[in-house]
Amino acid sequence: MGRIFSNRSVFNETYVPPTLLVRDSEANILIKRYLARLSEGYGSTDVSLIYGSIGKVGIGKTTLARYVSNVMKRKSDAGGISFKPVYINVYGTPSLHQILSRIVSELNINIPVRGNAAIEVLKAISDYLYIRDTYALVVLDEFQSLFFSSDLTKDDLYLLLRVYEEIPPKDNINRLNFLLVSQDFRVLSYMKEEIPQVESQIGLRLHLKPYSSDDLRIIVEQRAMEGLYDTSYDQGIIDMISDYFGYSETKGGDGSARKAILTLAMAAEIAEAEGAMRIEERHVREALSTSATLNIPMDVIRELNLHELMILQSVSSLIIQKGGWLTSGEVEDYYAGISNMFGQEPRKHTQFYEYLKRLSNMGLIETKISGKGVRGKTTLVRLPLDIPADKLKEVVEFILRSEDPGIGERESNWI
Ligand SMILES: Nc1ncnc2c1ncn2[C@@H]1O[C@H](COP(=O)(O)OP(=O)(O)O)[C@@H](O)[C@H]1O
Ligand SMILES: [Mg+2]
């Protein structure tokens with residue numbers, strides 16, 4: 001044992017490398033921009049946007065935002081400037097109060113959020129930053145999901161993203177800036193329509209394309225160097241994976257660094273389980289074919305929050321038990337049982353429904369409305385036919401039970 005992995009933790013979903021070898025120019029542009037704010041200070045709230053391409057995930061949006069925050073922290077520490085990065089995945093944080101309470105807790109401010117009007121809380125945050133002369137960069141990841149949140153109004157968004165304009169600090173120095181991360185360009189049309197003043201205020205718009213094979217070669221090799229013994233792989237392995245996932249106009253390809261890195265980690269696991277000295281081509285083939293034949297979109301599943309995972313678990317368990325279409329009611333009951341098993345309060349009915357809708361939008365479940373029955377119309381649920389219920393259950397169970405820090409990012413959604 002121990003011939004392959006030198007450091008497994010670099011394969012965790014939330015790991016951000018100390019240097020970004022690809023997307024470094026994008027990172028530098030952002031860093032320069034926000035650093036300038038620390039020295040100049042005056043001017044409107046800085047809002048920049050990172051967005052991807054429709055249907056493409058794992059292309060480094062979150063990584064870029066977190067990396068920028070990390071470097072900002074290092075540079076401001078070195079320059080004796082007080083700076084605090086705040087990262088929020090707003091998918092699990094869909095109301096202004098929830099967002100504010102995350103900011104308050106990340107900044108360690110001792111003010112009650114509940115029971116206070118949002119503007120009062122924002123004022124307290126702004127005062128705190130003024131008094132401590134501290135700058136904050138708030139990353140709002142999965143920003144597009146806020147447009148579908150019934151808990152957040154346009155006024156809320158204005159208040160948050162135009163905080164400097166709405167409540168100018170005493171010395172007119174703007175210490176609270178934002179970096180929005182969104183799936184694709186559609187967020188720009190939404191913003192233009194719903195919150196035009198914020199849209200026109202966006203300083204920098206960075207469109208990230210899916211990764212090419214050459215990009216992936218650099219990324220996968222960096223990860224291999226960080227996490228594997230150098231005797232355990234060779235360039236051929238890196239090339240195989242990068243060529244397979246690399247995107248180009250003519251070839252297509254996922255362009256996903258997440259899938260490429262996951263494949264390397266899986267091949268390494270298979271090799272290690274075999275007691276092999278090195279990762280060989282057949283290990284990579286096996287890693288690729290297991291994930292492909294299972295038809296289980298691992299990268300999508302890894303994005304789910306705890307409650308969505310438990311619902312998916314319920315659907316696959318029930319399908320194994322009885323097959324066919326399930327009523328949403330029986331899924332909800334089963335889910336309530338699993339929640340209790342995990343020591344969690346089951347989500348309320350409307351939230352449960354939101355989650356079902358999202359799982360269906362992501363293609364993980366299928367839903368249809370039943371014909372009129374005894375109790376009126378009801379939503380019916382099943383797994384897509386090409387997803388094997390038993391394998392899916394295994395995968396979800398594994399993610400639910402593992403101490404994988406990849407779940408750390410979801411932790412905020414757990415409470
Ligand atoms: N430029 C990069 N350099 C190193 N690793 C990267 C890079 N881009 C993405 N990754 C890795 O790929 C995975 C997915 O990236 P992520 O930023 O979560 O994608 P997205 O937010 O676009 O879905 C992460 O594990 C991340 O570490
Ligand atoms: Mg992301």
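Author: Domain bounds come from an automatic or database domain assignment. The model is predicted: local features need pLDDT of at least 70, side-chain atom pairs count only at pLDDT 80 or more, and totals for chains, interfaces and linings use all residues. Residues are numbered from 1 along each chain as its sequence is written, while chains are lettered from A and ligands numbered from 1 in the order in which they are written.

Reader: Into which domains is the protein divided?

Author: The assignment gives domain 1 (24-207), domain 2 (211-294) and domain 3 (300-414). The centres of domain 1 and domain 3, taken over C-alpha atoms, are 32 Å apart.

Reader: How many residues surround ligand 1, and which are the closest?

Author: A residue is near a molecule if its C-beta atom, placed from the backbone, lies within 6 Å of it. The shell around ligand 1 has 18 residues, with Gly60, Lys61, Thr62, Thr63 and Ala257 the closest.

Reader: From which domains does the shell around ligand 1 draw at least three residues each?

Author: Domain 1 and domain 2 each give at least three residues to the shell. Helices are DSSP runs of H or I, at least four residues long, numbered from the N terminus. Helix H2 (61-78) and helix H11 (257-274) each supply at least two residues of the shell.

Reader: What makes up the shell around ligand 1 by class?

Author: Ala, Val, Leu, Ile, Met, Phe, Trp, Tyr, Cys and Pro count as nonpolar, Asp, Glu, Lys and Arg as charged, and the others, Gly among them, as polar. On that basis, the shell has nine nonpolar, five polar and four charged residues.

Reader: What makes H1 oblique to H2?

Author: Axes are lines fitted to C-alpha atoms, for helices over the stretch in contact, and angles run from 0 to 180 degrees between N-to-C directions. The axes of H1 (residues 24-40) and H2 come within 10 Å and cross at roughly 45°. Angles under 35 degrees count as roughly parallel, over 145 as roughly antiparallel, 65 to 115 as roughly perpendicular and the rest as oblique. H1 is therefore oblique to H2.

Reader: Why is H14 called roughly antiparallel to H17?

Author: The axes of H14 (residues 306-322) and H17 (residues 389-401) come within 9 Å and cross at roughly 150°. That angle places H14 in the roughly antiparallel class relative to H17. By class, the contact of H14 with H17 has nine nonpolar, three polar and three charged residues.
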